[in-house]
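Q: Please take a close look at one part of this model, then work outward from there. Keep it brisk.
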Amino acid sequence: MIIDRIRVAEAVAPRDQWPFTVPAVAALIGEGLAFDEQITFLVGENGSGKSTVVEALAESYGLDVRGGPNQRYGSELPKSKLGEVLQIDRGAGGSRMVKRAVGFFLRAETALDVFDGLSRFDRPEFNEASHVESFLAAFEGFGEKGVYVLDEPEAALSFTACLSLMATLHEARAAGSQVVCATHSPILTALPGAAIIEFGDHGVRRSAWADLEVVRHWQRFLGDPERYLRYL
Ligand SMILES: Nc1ncnc2c1ncn2[C@@H]1O[C@H](COP(=O)(O)OP(=O)(O)OP(=O)(O)O)[C@@H](O)[C@H]1O
Ligand SMILES: [Mg+2]
């Protein structure tokens with residue numbers, strides 16, 4: 001593992017102040033959250049703290065949180081509240097990578113702006129027309145062993161593009177990379193061998209794909225949309 005664990009020391013975590021008022025963030029105090037698999041999905045309801053955690057993880061690891069593949073900026077951004085205090089325990093696979101942080105942080109909402117600034121996307125076919133192509137092209141950068149932090153990458157992707165992203169994540173794993181991905185996608189989370197951590201009022205807990213709320217809802221919805229629609 002490149003990153004074994006993330007955690008926050010009790011002394012620097014005021015539990016009555018945001019972000020420690022978010023149960024899943026409070027769960028990082030002390031022992032923290034261990035990563036057992038090279039690919040980890042963070043799932044949970046809106047507002048459960050996924051973005052807060054992935055952004056802080058990217059910051060602490062030294063990735064540029066403006067997002068995008070291999071971006072290097074001259075100026076440092078101030079860190080988020082959690083990013084200031086989040087500690088990263090590097091594993092055996094990460095200790096040799098301390099000097100240079102390889103990887104990227106992909107934030108779904110800003111990814112297109114980032115891609116616009118990249119010369120290799122300076123092609124007519126990358127005009128706003130296709131989110132999907134720009135996303136998938138960015139994922140080609142997964143070839144190098146590193147830490148890839150993704151926040152809802154499925155936002156712009158079709159069903160088949162999601163499957164294609166799964167294949168890319170699998171390749172990243174084969175190259176020795178680590179991926180931490182916040183998602184609402186019942187497709188991505190089905191990737192075999194990935195860990196799923198569910199954020200919620202309980203804090204954080206390991207979950208199985210078939211037990212995820214989002215998976216159960218989609219299964220029921222697709223089987224009979226009326227069952228949901230009559231309550232709206
Ligand atoms: N800078 C901030 N200051 C105070 N509260 C914040 C700040 N940023 C986010 N929050 C709150 O922290 C909580 C967690 O937000 P976060 O964006 O991490 O959730 P999320 O799990 O990513 O949700 P979603 O699935 O909607 O993306 C929310 O209640 C949010 O309103
Ligand atoms: Mg979010």
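A: A residue counts as buried when its relative accessible area is under 20%, as exposed when that value is over 50%, and as partly exposed in between. The model is a predicted one. Ser185 sits in the loop that runs between strand E7 (178-182) and strand E8 (195-200). A polar atom of the Ser185 side chain lies 3.0 Å from the backbone nitrogen of Leu188.

Next, the ligand. Which residues are around ligand 1? They are Trp18, Val22, Glu45, Asn46, Gly47, Ser48, Gly49, Lys50, Ser51, Thr52, Glu152 and His184. Some polar distances can be given one by one. In the side chain of Thr52, an N or O atom is 2.5 Å from an oxygen atom of ligand 1. For the side chain of Trp18, the distance from an N or O atom to a ligand 1 oxygen is 2.8 Å. Glu152 places a polar side-chain atom 3.1 Å from an oxygen atom of the ligand. Ligand 1 taken alone exposes 640 Å², and the protein buries 55% of that.

Helix H2 spans residues 50-61 and has 12 residues. From its first C-alpha to its last, H2 reaches 16 Å, close to the 16 Å expected at 1.5 Å a residue. Is H2 largely enclosed or largely open? It is largely enclosed by the rest of the structure, because 9 of its 12 residues are buried. Those buried residues are Lys50, Thr52, Val53, Val54, Ala56, Leu57, Ala58, Glu59 and Tyr61. Just after the helix, Gly62 takes a positive phi of about 100°.

Now the charged pairs. Side chains of opposite charge can pair when their charged atoms come close. How many salt bridges does a search of the whole structure find? It finds 6. One of them joins Asp36 and Arg206, whose side chains meet at 3.4 Å, N to O. Asp36 is in the loop between strand E2 (33-34) and strand E3 (39-43), while Arg206 is in strand E9 (residues 203-207), so this pair ties together parts that are 170 residues apart in sequence. Arg206 also forms a salt bridge with Glu37, with the closest N and O atoms 3.9 Å apart. Glu37 lies in the loop between E2 and E3 as well, and Arg206 in E9, so this second pair ties together parts that are 169 residues apart in sequence. Asp36, Glu37 and Arg206 are linked in a network of salt bridges.

How open is this network? Asp36 is partly exposed at a relative accessible area of 49%. Arg206 is partly exposed too, at 44%. Glu37 has a value of 28% and is also partly exposed.

A further salt bridge joins the side chains of Arg216 and Asp211, at 3.5 Å from N to O. Arg216 is partly exposed, with a relative accessible area of 34%. Asp211 counts as partly exposed at 44%.

Last, the aromatic rings. A pair of rings is described by the distance of the centres and the angle of the planes. The structure has 3 aromatic pairs. In one of them, the rings of Trp218 and Phe221 have centres 6.1 Å apart and planes at 80°, so the pair is edge-to-face. Both residues lie in helix H7 (residues 213-223), 3 residues apart, about one turn of the helix. An α-helix has 3.6 residues a turn, so residues three or four places apart point the same way. Trp218 is partly exposed at 41% relative accessibility. Phe221 is partly exposed at 29%. Phe221 also pairs with Tyr228: the ring centres are 5.7 Å apart and the planes meet at 65°, so this pair is edge-to-face as well. Tyr228, at 25% relative accessibility, counts as partly exposed. Trp218, Phe221 and Tyr228 form one aromatic cluster.

Terms used
Residues numbered from 1 in each chain as written. Chains lettered and ligands numbered in written order. Predicted model: local features only at pLDDT ≥ 70, side-chain atom pairs only at ≥ 80, totals over all residues. Heavy atoms only, no water. Helix = DSSP H or I, 4+ residues; strand = E, 2+ residues; numbered from the N terminus. Expected span 1.5 Å × (residues − 1). Buried < 20%, exposed > 50% of the residue type's maximum accessible area, 1.4 Å probe, protein only. Salt bridge = Lys/Arg side-chain N within 4 Å of Asp/Glu carboxyl O. Phe/Tyr/Trp six-rings, centres within 6.5 Å; stacked < 30°, edge-to-face > 60°. Near = heavy atom within 4 Å. Polar contact = N/O pair within 3.5 Å; in protein donor to acceptor, adjacent residues only side chain to side chain. Areas by Shrake-Rupley, 256 points an atom, 1.4 Å probe, with all protein chains shown as cover.
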